[in-house]
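Hi,

Here's the structure I said I'd pass along.

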Amino acid sequence: MKKNLKKVLAVLLAGTMSLSLAACSTGKSTESNQTTNTTGENTSEGEAKEDTSTSQDEITIKIAWWGSQTRHELTQKVLDLYTQTHPNIKFETSPSGWDGYFDKLSTQTASGSMPDIVQMDYLYLTTYAKNNSVTNLQEFIDDGTIDVSNIDENLLNTGKIDDKMTGLVLSSSMLSVGYNPSVFVEAGIEEPSAEWTWSDFIKLNEQIYEKTGKYGASLDSAADTNLFNYWVRQHGFSLFSDDNKSLGYEDDKILEDYITMWSNLMEKDAVPNPDEFAQIATLGQEAGPVVTGDAAMIIEWNNYASKVSTVNDKIKMVTPPLSQDSDAKGLWLKPGMFFSVAETSNVKKEAAEFINWFINSEEANDILMAERGTPVSSVIRQHMIDGGQMTDQQAAMFDAIDSAIELAGETPAPDPVGMSEVNEAFKNAANSVYYGQKSVADAAATFREEANAILARNNQ
Amino acid sequence: MKQSNTIIKTHYKREDNIAAYLMLSPWIFGFVLMWLLPMIISIYYSFTDFNLLNEPTFIGLKNYIRAFTEDKTFYKALGVTFTYVLILVPLRLAFALFIAMLLNKKHKGLGIYRTLYYVPSIIGGSIAVSVVWKQMFGNQGVIMSLLNALGMEQKVSLLGNTNTALGVIILMGVWQFGSSMLIFLSALKQIPYSLYESAMVDGAKPWKVFSKITLPMLTPTIFFNLILQIINGFRVFTESYVITDGGPLDSTLSYVLYLYRRAFTFFDMGYSCALAWILVAIIGIFTLFLFKTQNSWVHYEAGRE
Amino acid sequence: MGRKNKRKIHSVLFHIEACMLGFIMIYPLLWLLASSFKSNQTMFQDAYSLIPKVWDVATNYKSGFAGIGGVRFSTFFMNSLYVTVVGMLGCVISSLFAAYAFSRIKFRFGNILFGCVMMTMMIPAQVMVVPQYIILKKLNLIDTRISLILPWFFGGAFFIFLMVQFFQGIPRELDEAAQIDGCGRIQTLFKILVPIVKPAIITSSIFAFYWIWQDFFQPLIFVNSTKKFTIPLALNMYLDPNSYNNYGGLFAMSVISLLPIILFFIIFQRYLVDGIAMDGIKG
């Protein structure tokens with residue numbers, strides 16, 4: 001089928017070419033301009049190709065990542081440094097904002113032109129891995145090209161899908177609660193401690209609202225399934241079944257309790273409803289209510305305090321509430337982002353060498369300054385703490401990871417294919433209760449039905 | 001569109017054919033390359049299971065059947081889009097025509113107003129607009145304060161309310177009437193002044209001048225704007241993507257936003273292509289219908305052959 | 001005298017109303033401008049006010065012009081300008097020829113081709129971009145400026161349709177008279193028709209300029225190297241919801257990126273006024 005299509009396309013293309021030639025021969029200025037342009041571009045590209053073939057050592061690595069301005073600056077510097085020390089390696093970079101990054105990556109992959117090294121998100125890693133778009137890095141770990149001895153094994157294995165190392169994790173993060181101490185002072189309440197439970201959490205929210213009229217926690221509990229995943233794990237289950245074809249918990253009451261907790265708090269105005277939260281989100285995290293002292297807490301990743309430190313350096317972090325009736329460890333070390341190497345790449349070995357340097361070298365990390373999140377190598381973390389260039393918030397963030405490795409339970413299996421669609425279903429289920437359109441039981445049942453259908457369709 | 005009324009069998013002159021195709025050749029070249037081939041490929045995709053990363057596998061009509069029988073969101077998005085088109089198009093056209101008429105008079109500083117009114121169409125989907133709109137229609141925004149002052153207390157903001165969010169998106173569409181206005185303006189400029197002069201000599205009332213001269217002379221442009229707005233209305237994407245991202249509870253999920261998500265967020269390109277061709281069919285029917293009716297109300301100076 | 005006063009009052013009222021409407025229309029633009037003068041730290045805490053509490057005129061513009069990933073903002077600007085001007089010229093001229101053919105010549109398969117014109121307007125670009133990418137890749141045009149110009153250069157459905165509508169508003173006797181005088185088709189088109197449809201051509205140019213200038217999705221997919229990025233791509237690079245964002249730089253550069261479109265409009269909208277060339281022809 002595909003071959004036939006290609007033939008048809010070839011014929012049609014040939015047709016257009018002759019048509020365009022015919023147009024040229026009539027001497028219309030627009031066409032002839034365009035043709036000279038095209039040929040000009042082609043020759044210059046041809047020359048570039050010759051260059052690479054004559055000096056055989058020269059190797060170009062195409063690399064793509066998303067991020068904001070700071071990340072682009074720092075990454076570019078690191079790449080330049082690598083070229084300085086490895087003069088035969090050149091980089092072709094494609095920095096991008098988050099918007100459109102994966103649209104473009106999938107389009108490139110569809111036509112076999114994925115960049116050699118791509119920054120990858122956990123949300124999509126499985127999809128790329130299952131379709132064999134990214135290469136297995138295990139051979140480079142085995143032959144010593146990539147040194148993973150300083151990386152926590154659980155964390156490293158988050159990149160392992162179907163026994164293949166499809167992505168090398170760059171940073172880690174963990175669910176945490178960020179809070180603004182001044183709001184607790186204002187309410188005359190003690191700050192939360194690591195031993196607190198969900199019922200403490202609810203009480204705190206209510207008290208803060210009663211005493212100050214401010215929000216307790218300001219977050220969107222329906223944004224994605226991360227927080228709910230934590231909740232499910234505290235009940236001793238996992239969010240997805242082992243074969244990824246259905247949800248991993250049996251009792252819908254787990255979700256019902258979760259939604260009920262939040263909707264009760266919303267009714268008391270102790271936490272923002274989805275509408276109010278949308279408003280809050282417009283302003284960006286740097287102007288969020290926790291930062292400005294209009295809310296006490298936020299459940300976020302552990303880099304939160306470090307991220308907002310430019311606008312408020314008083315924010316503190318604590319581990320999220322424990323379950324009052326179970327000891328199951330809900331926390332896990334979440335991989336921040338990965339570097340994956342394209343299966344179609346011709347420079348896999350060189351790419352692997354670079355990734356190794358990126359993760360393990362002090363000079364690279366001195367420039368990167370943990371902008372992508374807490375570095376995965378314990379040696380690098382120690383080096384950065386010793387170096388003393390870090391802010392207090394960054395140091396606290398590093399500490400949190402070290403202590404979390406003890407607190408964390410088993411790392412969940414990588415997200416199944418169809419994860420973003422499951423998130424969407426979750427969002428709609430929870431919001432339908434918050435908006436009073438469905439009963440909690442209905443919403444939980446709907447979510448199960450939709451999630452199971454999505455998972456079954458995507459993970460055959 | 002150029003049906004022959006008098007001659008049953010049309011004879012094409014050879015030199016006419018040559019001349020026409022010569023003049024069309026740039027467009028045909030671009031069309032084949034950038035549209036026809038991609039269309040063929042996307043039709044092919046619509047009959048396959050294709051997630052962008054795998055080899056497409058042929059599955060016949062399954063994607064189309066899935067849309068009509070299994071997919072609730074498909075109907076939801078279709079409903080949102082129809083509502084959007086049916087309300088927005090008449091409102092925007094009426095507004096654009098009204099303002100264009102006002103600006104067609106001889107006042108000082110009209111150029112400035114033209115520019116001011118065209119600005120929203122330029123800054124359309126930019127982040128600044130999204131922030132400002134969210135702010136204006138949010139809890140503490142101007143509009144909410146106004147409603148509260150008028151005694152119409154709202155618990156939920158207009159953008160956060162599943163019943164009103166689409167209304168805000170539509171309002172934003174009306175606000176961007178600039179490009180339609182511009183097209184009306186350039187059409188108004190083309191109406192020969194002598195027509196008005198002779199009407200004034202006859203002492204016709206303004207309303208009569210409008211309905212007997214301006215409106216008929218404008219019908220080709222109204223027709224054009226109508227078709228265009230319907231097509232663009234059905235393809236609305238940016239507004240709901242930037243302002244509400246389809247929410248709350250999919251109440252502003254436009255059809256194209258949904259198929260975009262299907263394609264790139266959910267890795268469902270085959271299905272997304274099927275959705276796209278269903279949309280083309282829907283728009284095509286509307287457009288064809290309007291073209292069929294144009295004989296009865298559109299006034300072409302050139303006459304129809 | 002009374003009549004004159006009445007007209008004056010009328011005129012003042014007109015201007016008051018027009019200004020009020022104008023303010024609503026450009027409110028977001030003013031907000032953008034004001035925000036570009038606020039510091040990153042206070043940007044959103046001070047979001048509701050149109051007048052910055054603390055004026056910071058230079059910082060945002062400086063950090064914006066510094067560019068991204070080692071490429072200065074002026075490079076993005078020149079890329080956009082090049083792509084837009086070439087694309088617009090090609091688009092308007094190609095569309096003009098096509099529109100003439102569709103509205104003035106009877107030819108085989110004319111209706112079918114016009115149907116094709118309309119169809120290209122109906123397909124969501126989101127599903128066309130992957131096939132388009134594949135074709136451009138086969139032609140070795142990915143990551144070239146040509147790939148950004150190509151979709152526009154050979155004319156666009158919107159412009160063809162617009163000009164067809166305008167041509168049909170012109171009496172056919174005009175062409176015939178010109179042809180009797182010995183004008184060829186090209187001469188008729190340029191000497192007789194183009195002056196009459198000048199407003200439509202100006203309008204088309206304004207639209208084409210704006211559309212190519214702000215096009216995001218196609219450049220996003222077709223261009224890889226930062227050196228060849230157009231402004232919308234550059235602006236997108238400022239934003240990652242999960243890290244600290246330089247909103248100030250983004251807003252400052254948004255202001256800069258809007259200037260050419262607004263300038264282009266201000267300059268060319270004047271020609272919309274003197275489009276009354278048909279006066280005296282028809283009678």
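**What I found**

Residues 209-231 of chain B are 100% helix and 0% strand, with the end C-alpha atoms 31 Å apart. Keep in mind that this is a predicted model. The stretch 269-291 of chain B comes out as 100% helix and 0% strand too, and there the end C-alpha atoms are 32 Å apart. Both ranges are listed in UniProt (an unreviewed entry) as "transmembrane region", along with 21-47, 82-103, 115-133 and 165-188 of chain B.

Over in chain A there's an open sheet of 5 strands, in the order β2-β1-β3-β13-β6 with mixed pairing. Its edge strands are β2 (89-96) and β6 (168-169), each pairing on one side only. β6(A) is joined to β13 (residues 338-341) of chain A by 2 bridges, and the two run antiparallel; A:V169 sits opposite A:F338. Helix α15 (residues 348-360) of chain A packs on this sheet, touching β1, β2, β3, β6 and β13, and its direction makes about 165 degrees with that of β13(A).

Then there's α9 (residues 198-212) of chain A: 15 residues reaching 21 Å, close to the 21 Å expected. Which of its residues are buried? A:W198, A:F201, A:L204, A:N205, A:I208 and A:T212. They lie on the same side of α9(A) because they cover an arc of only 110 degrees around the axis. These buried residues pack against α8, β9, α10, α11 and β10 of chain A, while the face turned away carries the exposed A:E210 and A:K211.

Cheers

Technical notes: Residues numbered from 1 in each chain as written. Chains lettered and ligands numbered in written order. Predicted model: local features only at pLDDT ≥ 70, side-chain atom pairs only at ≥ 80, totals over all residues. Heavy atoms only, no water. Pairing = 2+ DSSP bridges. Helix = DSSP H or I, 4+ residues; strand = E, 2+ residues; numbered from the N terminus. Contact = heavy atoms within 4.5 Å. Axes fitted to C-alpha atoms, helices over the stretch in contact; angles between N-to-C directions. UniProt positions renumbered as here; feature names shortened; annotations may be inferred. Expected span 1.5 Å × (residues − 1). Buried < 20%, exposed > 50% of the residue type's maximum accessible area, 1.4 Å probe, protein only. Arc of directions from axis to C-beta.
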